[in-house]
Amino acid sequence: MPPRVRPGGSTPPMTRLGPTSTEDSRESTVGEFVRLEVEGGVGTIRIDRPKMNALNVQVQEEIRAAATQAAERDDVRAVVVYGGERVFAAGADILEMADMSYTDMVARSGGLQSAFTAVAKIPKPVVAAVTGYALGGGCELALCADVRIAADDATLGQPEVLLGVIPGAGGTQRLTRLVGPSKAKDIIFTGRFVKADEALRIGLVDRLVPADQVYAEAVAWARQFTAAASYALRAAKESVDRGLEVDLETGLEIERIQFAALFATEDRATGMASFIENGPGKAAFEGR
């Protein structure tokens, strides 16, 4: 797992996840509660706001900043979103929201959504490593990842209706696209908790592992892309995500344009030459 902050704020040396140089093992101090930790081509967006990683406005904006850095840094080839060993994120900070008026939330709701969308729009493979609870905003944050690896005792859900509101950071839209309208309505209407086995069965998460293996499994998934053709991955992600928003004919046109554009990259030439000379899966891509 990523290093934990010691009392007093000092951070221990980063634990090696594999053979990497000192230069590509760095931590960016994004904010008080969110860090971007980079090692071996994998960037971890680490939320660390004890006890339950409540997602107040400050944390939301620090998540945005971390996502922006992860998107822009060339040494980050894939991203893990992680809340620690005990909890992913238990939701928005209700104490903060309780005193907000309609006009307050009109002003804030766009920023709330766009902070999470910044994670969804990272143009690289993103995996959520879900431990403990991922509720409300925590579940919505996990939905922004491309893949979700969860602990076999994790609990997810959108319980906002029990507070008299609805999901406001993408839950009504991303959950529906992931599990279908009927299952999404059941989860949102009732506000019930979804245990790990059901989450796997309905496609809310993609893999279950013991809790102490969640982060390692997420890093292993992300690491397989650190030497991949990064522009091809970017094009594939954009084609799938944008294609979900449009009709089939438009989606096919998005795919066609992305496919043709990759013929301008060095990695395309490298990959095809390597295939002809050495067979599949042996190309050494440089991300150009």
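Predicted model: local features only at pLDDT ≥ 70, side-chain atom pairs only at ≥ 80, totals over all residues.
1. **The chain overall.** The chain has 288 residues, and 47% of them count as buried. Its secondary structure amounts to eleven helices and ten strands. For the accessible surface, expect about 14600 Å², with carbon and sulfur atoms accounting for 56% of that area.

2. **Reach of the contacts.** If we take contacts between residues at least 6 apart in sequence, 66% of them join residues at least 24 apart.

3. **A three-stranded sheet.** Have a look at the open sheet with the order E6-E8-E9, where the pairing is mixed. Strand E6 (133-135) and strand E9 (193-195) are at the edges and have a single partner strand each, so one side of each is left without a neighbour in the sheet. From one strand to the next, the twist averages 20°.

4. **The E6 and E8 pairing.** Strands E6 and E8 run parallel and are joined by three bridges. As background, strands of a sheet pair through backbone hydrogen bonds, in either a parallel or an antiparallel way.

5. Strand E8 (residues 155-157) contains Leu 156. Is this residue buried or exposed? Leu 156 counts as buried because its relative accessible area is 0%, which is under the 20% cut-off.

6. **What surrounds Leu 156.** Beyond its neighbours within four places in sequence, Leu 156 is in contact with Ala 134, Leu 135, Cys 139, Arg 192, Phe 193, Val 194, Ala 199, Leu 204 and Val 205.

7. **Helix H1.** Helix H1 (residues 57-72) has 16 residues and spans 23 Å from its first C-alpha to its last, close to the 22 Å expected at 1.5 Å a residue. Its buried residues are Val 59, Gln 60, Glu 62, Ile 63, Ala 66, Ala 67 and Ala 70. They cover an arc of only 165° around the axis and therefore lie on the same side of H1. The general rule is that an α-helix has 3.6 residues a turn, so residues three or four places apart point the same way.

8. **What H1 packs against.** Which elements do the buried residues of H1 pack against? They are strand E2 (34-39), strand E3 (42-47), strand E4 (78-82), helix H3 (102-120) and helix H4 (137-143).

Technical notes: Residues numbered from 1 in each chain as written. Heavy atoms only, no water. Helix = DSSP H or I, 4+ residues; strand = E, 2+ residues; numbered from the N terminus. Buried < 20%, exposed > 50% of the residue type's maximum accessible area, 1.4 Å probe, protein only. Contact = heavy atoms within 4.5 Å. Areas by Shrake-Rupley, 256 points an atom, 1.4 Å probe, with all protein chains shown as cover. Pairing = 2+ DSSP bridges. Axes fitted to C-alpha atoms, helices over the stretch in contact; angles between N-to-C directions. Expected span 1.5 Å × (residues − 1). Arc of directions from axis to C-beta.
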